[in-house]
Amino acid sequence: MCRITAADKEAAVARFLQEFPRAPQAGRDHPALRGCDDIAWADFPGCPAGVAALLRGLLDPAAASEAERVLCTVLMDGVFQMGPAMPAALPFLLRLAADPVVPVRAGLVEVLLVVAELSHPVDGGSEQAIRALGSDRDHPERALCRAVFAEHADLVRGLLDDRTLPDGFAPDERASLLTVAAL
């Protein structure tokens, strides 16, 4: 299975910061990012310290698209596997996605849909599901993300009711978000 190494993540953040040196200053006072600098991102296994800079980069129109791409790389450990820092980043992603002025808002909604889908419990009786996704015991980030979605259910509800999002939500996407947010 394709794994993203800690070194790959560090290198991706370094390239982003070199290409967009002003991006970490963007959104420094944005209320959606309050507290992101207080998290010791590098304490999460395989997570680089630059997550706060990437989150702020989502608010820089010139850097937002690349910040989103690198942030996804950093917060994922593989194609179908969230990294251990995802639950800590999720409140910021939810708040940013709820803000209509965020340059990559539609992209963040897509990220949230992927996180919601990956947060569902894996059927312990399905050997195929466990082989593909791992057991819930080995992936506590699933339950932690569900708890974050539930804690921020008001933001999830707001996104689901938001008619300004360009594509809206397909019925299965809506159901997935409602389930993980315990709505």
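**Two helix pairs**

Mentor: Helix α4 crosses α7 in a right-handed sense. A crossing is right-handed if the near helix is turned clockwise from the far one by less than a right angle, and left-handed if anticlockwise. Helices here are DSSP runs (H or I, at least four residues), numbered from the N terminus. This is a predicted model: local features need pLDDT of at least 70, side-chain atom pairs count only at pLDDT 80 or more, and totals for chains, interfaces and linings use all residues. Residues are numbered from 1 along each chain as its sequence is written, and side-chain values use heavy atoms, leaving out hydrogens and water.

Stay with that pair. α4 covers residues 86-97 and α7 covers residues 141-151; their axes lie 9 Å apart, at an angle of about 25 degrees. That makes α4 roughly parallel to α7. The axes are lines fitted to C-alpha atoms over the stretch in contact, with angles from 0 to 180 degrees between N-to-C directions. Under 35 degrees counts as roughly parallel, over 145 as roughly antiparallel, 65 to 115 as roughly perpendicular, and the rest as oblique.

Now the residues. From α4, M86, P87, L90, P91 and L94 meet E141, L144, C145, V148 and F149 of α7. Contact means heavy atoms within 4.5 Å. By class, this contact has 9 nonpolar, no polar and 1 charged residues. Nonpolar covers Ala, Val, Leu, Ile, Met, Phe, Trp, Tyr, Cys and Pro; charged covers Asp, Glu, Lys and Arg; polar covers the others, Gly among them.

Next, α5 and α9. Their axes come within 9 Å and cross at roughly 60 degrees. So α5 is oblique to α9. This crossing is left-handed. L112, L113, A116, E117 and S119 of α5 meet E173, S176, L177 and V180 of α9. The classes are 5 nonpolar, 2 polar and 2 charged residues.

Look at L177, in α9 (residues 171-180). At 4% relative accessible area, L177 is buried. Buried means under 20%, exposed over 50%, partly exposed in between (1.4 Å probe, protein chains only). Leaving out residues up to four places away in sequence, L177 touches L112, L113, A116, F149, V156, L160 and F169.

Finish with R105, in α5 (residues 105-119). Its relative accessibility is 7%, so R105 counts as buried.
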